[in-house]
Amino acid sequence: MPAQMTDREMLESLEGTVCSSCGRKKKSMMSHCSKCYYLLPPSMRRALYKRFNEGYQAAFLHSLDYLEEDRNGSSTTKGI
């Protein structure tokens, strides 16, 4: 199921210190903890540096979907 969050929830996640993907500790203003971040393909990691309202939200939701599929052993979005 595709990840769904409001803009407010995404901003709170970005500012928070808990990884929305796995629940581990992360640095504020980082999208994910370092473990989850480095599970993402380089192109997806770069997309997370887009500005809020200029592509960040889509990139973040895509990263959550990718990490969820990675945890479940599905590989439908790998390599994007």
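## An aromatic cluster to start with

Phe52, Tyr56 and Phe60 are joined into a cluster by ring pairs, where rings of Phe, Tyr and Trp (its six-membered ring) pair if their centres lie within 6.5 Å. This is a predicted model, in which local features need pLDDT of at least 70 and side-chain atom pairs count only at pLDDT 80 or more, while totals for chains, interfaces and linings use all residues. Residues are numbered from 1 along each chain as its sequence is written, and side-chain values use heavy atoms, with hydrogens and water left out.

## Overall fold

Let's step back to the whole chain. The protein chain has 4 helices and 0 strands, in the order α-α-α-α along the sequence. Helices (H or I, at least four residues) and strands (E, at least two) are DSSP runs, numbered from the N terminus. With a radius of gyration of 12 Å, close to the 12 Å from the globule rule for 80 residues, the protein chain is as compact as a globular protein of that length. Here the radius is taken over C-alpha atoms, and the rule is 2.2 Å times the number of residues to the power 0.38. Along the principal axes, the C-alpha atoms fill a box of roughly 30 × 25 × 25 Å.

Of the 80 residues, 34% are buried; buried means under 20% relative accessible area, exposed over 50% and partly exposed in between (1.4 Å probe, protein chains only). Contacts (heavy atoms within 4.5 Å) also reach across the sequence: among those between residues at least 6 apart, 40% join residues at least 24 apart.

## Surface and charge

The accessible surface of the protein chain is about 5,200 Å², and carbon and sulfur atoms account for 52% of that. These areas come from the Shrake-Rupley method with a 1.4 Å probe.

On the charge side, there are 12 positive and 9 negative side chains, with the centres of the two sets 10 Å apart. Lys and Arg count as positive and Asp and Glu as negative, while His and the chain ends are not counted. Each charge is placed at NZ of Lys, CZ of Arg, CG of Asp or CD of Glu.

## Ring pairs in detail

The structure holds 3 aromatic pairs. Tyr37 and Tyr38 make an edge-to-face pair, at 5.0 Å centre to centre and 85 degrees between the planes; planes under 30 degrees apart count as stacked, over 60 as edge-to-face and the rest as tilted. Tyr37 is buried at 14% relative accessibility, whereas Tyr38 is exposed at 57%.

The rings of Tyr56 and Phe60 are stacked because their centres lie 5.7 Å apart and their planes are at 15 degrees. These two residues are 4 apart in helix 4 (residues 56-72), so about one helical turn separates them. Tyr56 is buried, with 2% relative accessible area, and Phe60 is buried too, at 0%.

## Individual residues worth a look

Ser63 belongs to helix 4 and is buried, at 0% relative accessible area. Leaving out residues up to four places away in sequence, Ser63 touches His32, Leu40, Met44 and Leu48. Asp70 is also in helix 4, but is partly exposed at 27%.

Cys36 sits in helix 2 (residues 34-39) and is buried, with a relative accessible area of 3%. Beyond its neighbours within four places in sequence, Cys36 contacts Cys19, Ser21, Cys22, Arg24 and Leu67. From Cys36 to Val18, 18 residues apart in sequence, the C-alpha distance is 12 Å.
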